[in-house]
Amino acid sequence: MASVGVGVLFLIMIVSLLVLAARVLFALAAYNDACAKANSDALMWGLLTGFLGLIPGIIYLCIRNSSRNYIVCPNCGFRHYFYDAVCPRCGAPNQPQQNRNPLAGEQARRAKLFLTIAVALTGVAILAVIVCVVFVVSISSFGGNAFYY
């Protein structure tokens, strides 16, 4: 029975490492995606997702495209859609977007890769927990012991 305990402890350690690796990969995915979107708070989103889990990641996904469709008129400061030919307030012609990120494609590809690996690791961790529970229940029923709560 002691060997079962050691095996379960080993499986718990493996699952904990998988969950930790998944959190780091989710944080890297959020950071790289925010960098690709030219978000000035990319480091903040990466750290929040890494330390606090998926809730900040979900919030980031909800707001990540919220400011991409707007530009600020250099003449009057009015915020309007980037596809407007002229500023609705002052009539100044729309300036082409500048300060584009030349690494945006590579950062977006890395973000997708990190996210895919993190989701796969989370699935493996969930599968390992299910296997552990089934194993412990089968060992206890085989030995005649029952769990009482």
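1. Of the 149 residues in the chain, 24% are buried (under 20% relative accessible area; exposed means over 50% and partly exposed in between, with a 1.4 Å probe and protein chains only). The model is predicted: local features need pLDDT of at least 70, side-chain atom pairs count only at pLDDT 80 or more, and totals for chains, interfaces and linings use all residues. Residues are numbered from 1 along each chain as its sequence is written, and side-chain values use heavy atoms, with hydrogens and water left out.

2. The chain contains four helices and two strands, arranged along the sequence as α-α-α-β-β-α. These elements are DSSP runs numbered from the N terminus (helices: H or I, at least four residues; strands: E, at least two).

3. Helix α3 spans residues 54-63, and its buried residues include Pro56, Gly57 and Tyr60. These three lie on the same side of α3 because they cover an arc of only 105 degrees around the axis, taken from the directions between the helix axis and the C-beta atoms. Exposed Ile55, Leu61 and Cys62 sit on the face turned away from that buried side.

4. The chain exposes about 10,300 Å², 70% of it supplied by carbon and sulfur atoms (Shrake-Rupley method, 1.4 Å probe; for residues, only the protein chains shown count as cover).

5. Helix α1 (residues 2-36) includes Leu20, which counts as exposed because its relative accessibility is 53%.

6. Among contacts (heavy atoms within 4.5 Å) with a separation of 6 or more, 45% join residues 24 or more positions apart.
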